[in-house]
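User: I'd like to learn how to read a structure like this one. Can you take me through it feature by feature?

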Amino acid sequence: HTLNKEWENKIPEQRADAINRSRASLGGKFSENLSPYLPDFPFHPTEMRWLGSPVDYIVFQGMDNDAIVELIFLEIKSGKSGLTVREKQIKKLIEEGKVVWKEYRVPEKITSSENK
């Protein structure tokens, strides 16, 4: 019974902690979605594509003018949140120039109407 009493006493504290963590997470997600529409935001929302994970956005700067001049991997943070381990890895790869273009072409026999 003593153990049950200890757990019962901890429930309000654990509930409050869970609410605070949930609130922080929701606030961060809200900030990610709202940021592109804030007055001081440095990019055009129409040139952004949301990925969500492992980075928030890719910005195709200049796309509105049909002249893309830069690709920007954009992570939006709020409060005191920092980059995750994965985000730090991606940032490092980009800074080191380890970004590559690849193209995959689907075999014609799969898409050809003659094979149906």
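Analyst: We start with the overall layout, then turn to the core and the local details. This is a predicted model, in which local features need pLDDT of at least 70, side-chain atom pairs count only at pLDDT 80 or more, and totals for chains, interfaces and linings use all residues. Residues are numbered from 1 along each chain as its sequence is written, and side-chain values use heavy atoms, with hydrogens and water left out.

User: What share of the residues is buried?

Analyst: Buried means under 20% relative accessible area, exposed over 50%, and partly exposed in between (1.4 Å probe, protein chains only). In this protein chain, 16% of the 116 residues are buried.

User: Which residues make up the largest nonpolar core?

Analyst: A nonpolar core is a set of buried Ala, Val, Leu, Ile, Met, Phe, Trp, Tyr and Cys residues joined through side-chain atoms within 4.5 Å. The largest one here has eight residues: Phe-41, Phe-43, Met-48, Tyr-57, Val-59, Ile-72, Leu-74 and Ile-76.

User: What is Ile-76 in contact with?

Analyst: Contact means heavy atoms within 4.5 Å. Setting aside neighbours within four places in sequence, Ile-76 touches Ser-31, Glu-32, Ser-35, Phe-41, Asp-56 and Tyr-57.

User: How many aromatic pairs does a search of the whole structure find?

Analyst: Rings of Phe, Tyr and Trp (its six-membered ring) pair if their centres lie within 6.5 Å; planes under 30 degrees apart count as stacked, over 60 as edge-to-face and the rest as tilted. The search finds one pair. Phe-41 and Phe-43 have ring centres 5.7 Å apart and planes at 75°, so they pair edge-to-face. Both Phe-41 and Phe-43 are buried.

User: Where is Pro-54 found, and is its peptide bond from Ser-53 cis or trans?

Analyst: Pro-54 sits in the loop between strand E1 (48–50) and E2. The bond from Ser-53 is cis, with omega near 5°.

User: What is the phi of Asp-66, and why does Asp-66 count as exposed or buried?

Analyst: Asp-66 is not a glycine, yet its phi is positive, about 55°. Asp-66 lies in the loop between E2 and E3. Its relative accessibility is 78%, so Asp-66 counts as exposed.

How values were computed: Helices (H or I, at least four residues) and strands (E, at least two) are DSSP runs, numbered from the N terminus.
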